[in-house]
Amino acid sequence: MTHAGATTHHTSLGLDNRKMAFWAFIGSECLLFTSLISTYLVYKGRSVVGPYPHEILNIPFTSVSTFDLLMSSLMMVLALAAVQRGDMKWGKIWLFSTALLGLVFLGGQVIEFTEFVHQGLTIGTNLFGCTFFVLTGTHGAHVAVGVLWLLTLWVRALQGKLGPANAMTVEITGLYWHFVDVVWIIIFTVVYLIQ
Amino acid sequence: MSEARGLKSWLTTTDHKRIGLLYFWTAFIFFLIGGVEALLIRAQLAQPNGHVVSAETYNQLFTMHGTTMVFLALMPLSASFFNYIVPLQIGARDVAFPRLNAFSYWVFLSGGLLLNASWVTGPLFHAGMLNVAPDGGWFGYANLTERQFSPGPNIDFWLLGLQVLGISSLAAGFNFIVTILNLRAPGMKMMRLPVFTWMTLVTQFLVITAFPVITVGLVFLMFDRFFGTHFYVHEAGATPLLWQHLFWLFGHPEVYILILPAMGIVSDVLPTFSRKPLFGYPVVVYSGILIGFMGWGVWSHHMFSVGLGPIADSVFAATTMLIAVPTGVKIFNWIATLWGGAIRGTTALHFAVGFIAMFVIGGLSGVTHASPPADLQQTDTYYVVAHIHYVLFGGTIFGLFAGIYYWWPKMTGRLLSERLGKWHFWLQFVGMNLAFFPMHFIGLLGMPRRIYTYGPDLGVSTLNLVSTVGAFLIAVSILVLVYNFVRTRRRGQRAPNDPWGGATLEWSIPSPPPVYNFSVIPTVANRLPRWRTEHHGPMTDPPALPPAPIHVPGGSWWPVVAALGLPVMALAPLTHTLWVAFLGAAVLLFGIYRWAFEPFEV
Amino acid sequence: MPRIRLWLLTAALAISGCGGPFPQSTLHPRSDFARATDVLFTNIFWWAAAVFVVVELLLVVALVRFRHREGRPAPRPTHGHTLMEIAWTLAPAAILVFVAVPTVRTIFATAGEAPADAVKVDVIGHQWWWEFRYQELGLVTANELHVPLGRAVQLSITSADVIHSFWIPRLGGKRDAIPGHVTRIAFRPDQLGDYTGQCAEFCGVSHANMRLRVVVDSDSGFGRWATVQLAGPAAPAPGTLAERGKAVYARSACIGCHTIQGVSPGVIGPNLTHVGTRTTIASGLFPNDSAYLARWIADAPSLKPGSLMTRMQPPLTDADIAALVAYLESLK
């Protein structure tokens, strides 16, 4: 996230350094989430005591959360397009909207987890509790980092320090946000939909 | 070396050469610490029913010896060469992300200090002894590492230290991948890269894919120990074997992370001192890449005694034997490089040849491990200890020492004494074989590993004594090396640009290089730019002075500030205080924020 | 073939000054399982030795023959030779086939199944001792396993706490004892004798001290042993020190951890009903004699760091300890 000037370096493969680094980072994160999801799958059905997934998971509620996150990815696409064409008015609006929808998603997680705790499922209750909360908690932490990142960019934009010259920064932010979204689709499918 | 001097210039440096030196000295000191731990182990085992150290201290010693050597010595020593040499070999002025590079070093240092703090912080935990060092083995098998069976802070130090170190390695991994792919000089095609740079690239891909897996395993263990989860607790329906799978899914790629850079060094050193190109360069490169991929398919050969079943055992036996092929062909390529050459016996060459000789032995004992039924007698015995030390000491350490004697003139501007170097080599070679060859027999005669003592009736007492003598001989050889460092620091012969007649770009610039490395970035036309071959003449070295001033990025405080946040966060579980975690996170985020928006021109 | 290597090894070891019977040697197999793995290892070993000789010889020849000497012409800059490279890739691969095929065969042959009439024993690893339960016989003992010569033995192995590994080198390879899992090995011993082994998976502070013995007895000898083990404990004669020891035992904390049939039901420590018949105590660490028994009872952790058998509070008197020793020695 350096300022203009660092973006114009010649590179051997023609790809911006930061973008390449970010793709490598995403590759690494894939292994992280694969390990977490695999553990969830390996331990599926092995809880000795309840509550069990089918008793607790609220698919309608989480579907709305999922839709919210998908929409936030759309906001992100629009944000990047706006910044790339220099339209900072809409750039700020879409950046903020993405962060807002991210916060809504996180709020939904908080509501959902609180409800689970009330129903007797905590992180230490059984294998479902361990694997579910660590997996979704890790994902949620990634969303939270993303929200902070987006709000930081939004504030920079308000200060007039974000513009088309920083389009690469916003593009990389988008890569991160879309990755986090895709991971959620997979988690939603594996944990909620396939039981 | 850059012009600025003083502590601040070192704390804020973003110059890959300085960072390489920081890695080198820090890793070397940890190597000495790991070596002292080894000497204490060998002193305890020199005789049956020894009383040099207590059982608990012994268990801490072998745990810390393994953890220190793997994570704080071998990997960072390799990293010191990644840092110093790779940008020079590809014709770049620095790495892709200089501040991230500095961050990696400071995180490594803090992780190493955190881990070793456990030797002296016992009183802070009311432990009744000074040392609460990790005592679960470097492999930390669950469920021994659960709170129920390891109630003290020992394992906490271990899992927190490793998580901090993991971040250092990951950051460096991203940095070097982008550097090698994107910052090459014009004409430096991938198949013209020196093999050391190629092996570095493969290693970094292994790092960024393998470390997340152990991170997850460690997170599970941390949650089990602190937050009441049951990832490895069988009463809850889980299995301790999950830890083994996660650990070895990381652990096997990790051993290739440990050996490939040394293989890269050997592949650069041998041609230089044979005055012949590397025999079969493409095959050496492709076999390295192949090993990187195949290394993911063999992990359960560390678990043959677990009872995976005959089908799983057979599959992993097959994949393990298969991976011996690309590993073995390199040996032939290296011998063929020497064959027909004009071999100059410098110390670097001695160590490179020593690597080959020792790695063959380690590789062959590895093949005996690949057969599950035979392995059931070998696993968890001193036979395995022999194997790992032949490949990691005879292999990696010999390779890294070849690198030291090869690149020391470039990095310091002084030549090491060849006479002292030969003494070092022969003492180490003899010491190594005395120390580790008997272990093959000790294991086959029924002495398990990780035991603080053994009975005289086993019949392995004399062999153990011989092994101990060998270990102390290794220590003497290292003292010779240290003496060589000290003596030549001021009185060593000054090194020209190219003391060896090397073929690759690092030899085209002064020793040590100016802060901007190349006065003019060279255009590369072939794989051996500095040699005359039947196809081309040697390149013209860059001029002594740049035609126009070259911008070099200055230093930055933010990498070291951000890096400090991590050990502070790690203190939170150790002190059972939540606010410390938030403090550390705040320091980290603040450092990152200022780093992100700091004007910094690469 | 194996005998030649055995003589070479023994000679090498004798030269190094350590003759001796090597009780835990993997190279002196005494069961079908151990012999199968020994044959396999021997096979692989000779291939490895051959490769070692060839490769190291080539290396040494290269170093000697092609040392830089003044006046020699510059080396020919060979970059490679495809045919050679293919050859030296296929050759190791071919050798590995000779290793892989017998490997897979042996894997399936030694997969832990045993005939229906095998002696079946459940092995449970504890920190830091071994529990043996002969399910079909209804027999429970600790640290010393008796099996009959020539009959198959099937061990079903698990752990009560952390991961251990059951290993008697002369009788076969090791198998981990994992809590929550049951692993199996099977073997048919082919020679009478006492065999020692020890835990082979790091299991905590006294991992080094978790040893065990297997006694391969004749069929009738095994039958006699089993009969004795199944009988109730010997009652000490009235007025003897052993009788006084039984009284001391019955009022001490011992009863909370140990089982003596009809006397105490504890299951945390080894079953002591016939402890007098065992040749060692403290999981194979010390001979089963009065001196060691006394020291063990007085302060077990001093002999075996971390032992859960902590010193009694208040400590037993010397007289009480002597009585206890007499009682335990009477439990034949």
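Two strands count as paired if DSSP finds at least two bridges between them. The exercises below concern a predicted model.

**Exercise 1. The sheet of chain C**

Task: State the strand order of the open sheet in chain C and how its strands pair, then find which strands stand at the edges.

Solution:
- Step 1. The open sheet has 5 strands, in the order S3-S2-S1-S5-S8 (chain C), and its pairing is mixed.
- Step 2. Strand S3 (139-142) and strand S8 (183-187) of chain C each have a single partner strand, so they stand at the edges and one side of each lacks a neighbour in the sheet.
- Step 3. From one strand to the next, the twist averages 20°.
- Step 4. Strand S2 (residues 129-134) of chain C and S3(C) run antiparallel and are joined by 4 bridges. Phe132(C) has Thr141(C) in S3(C) opposite it.

**Exercise 2. Two helices of chain C**

Task: Classify the packing of helix H2 (residues 32-65) and helix H3 (residues 82-109) of chain C from the angle between them.

Solution:
- Step 1. The angle is about 170°, and the axes lie 10 Å apart.
- Step 2. Angles over 145 degrees count as roughly antiparallel. H2(C) and H3(C) are therefore roughly antiparallel to each other.
- Step 3. The residues that meet include Leu40(C), Ile44(C) and Trp47(C) from H2(C), and Phe98(C), Val99(C) and Pro102(C) from H3(C).
- Step 4. By class, this contact of H2(C) with H3(C) has 9 nonpolar and 4 polar residues, and no charged residues.

**Exercise 3. The domains of chain B**

Task: Describe the contact between domain 1 and domain 2 of chain B from the side of domain 1.

Solution:
- Step 1. Chain B is divided into domain 1 (7-542 + 550-555) and domain 2 (556-602). Their C-alpha centres are 28 Å apart.
- Step 2. In the contact, 20 residues of domain 1 face 17 residues of domain 2.
- Step 3. On the domain 1 side, helix H4 (98-117) and helix H5 (154-182) of chain B are the elements that give two or more residues. The largest share, 8 residues, comes from H4(B).
- Step 4. That side has 13 nonpolar, 5 polar and 2 charged residues.

**Exercise 4. Chain B against chain C**

Task: Find which element of chain B gives the most to the side that touches chain C.

Solution:
- Step 1. The contact takes 78 residues from chain B and 79 residues from chain C.
- Step 2. Among the helices of chain B that each supply at least two residues are helix H3 (55-90), helix H7 (241-274), helix H9 (310-338) and helix H14 (461-491).
- Step 3. H9(B) gives the most, with 14 residues.
- Step 4. By class, the chain B side has 45 nonpolar, 24 polar and 9 charged residues.

Note on methods. Residues numbered from 1 in each chain as written. Chains lettered and ligands numbered in written order. Predicted model: local features only at pLDDT ≥ 70, side-chain atom pairs only at ≥ 80, totals over all residues. Domains from an automatic or database assignment. Contact = placed C-beta atoms within 7 Å. Nonpolar A, V, L, I, M, F, W, Y, C, P; charged D, E, K, R; others polar. Axes fitted to C-alpha atoms, helices over the stretch in contact; angles between N-to-C directions. Parallel < 35°, antiparallel > 145°, perpendicular 65-115°, else oblique.
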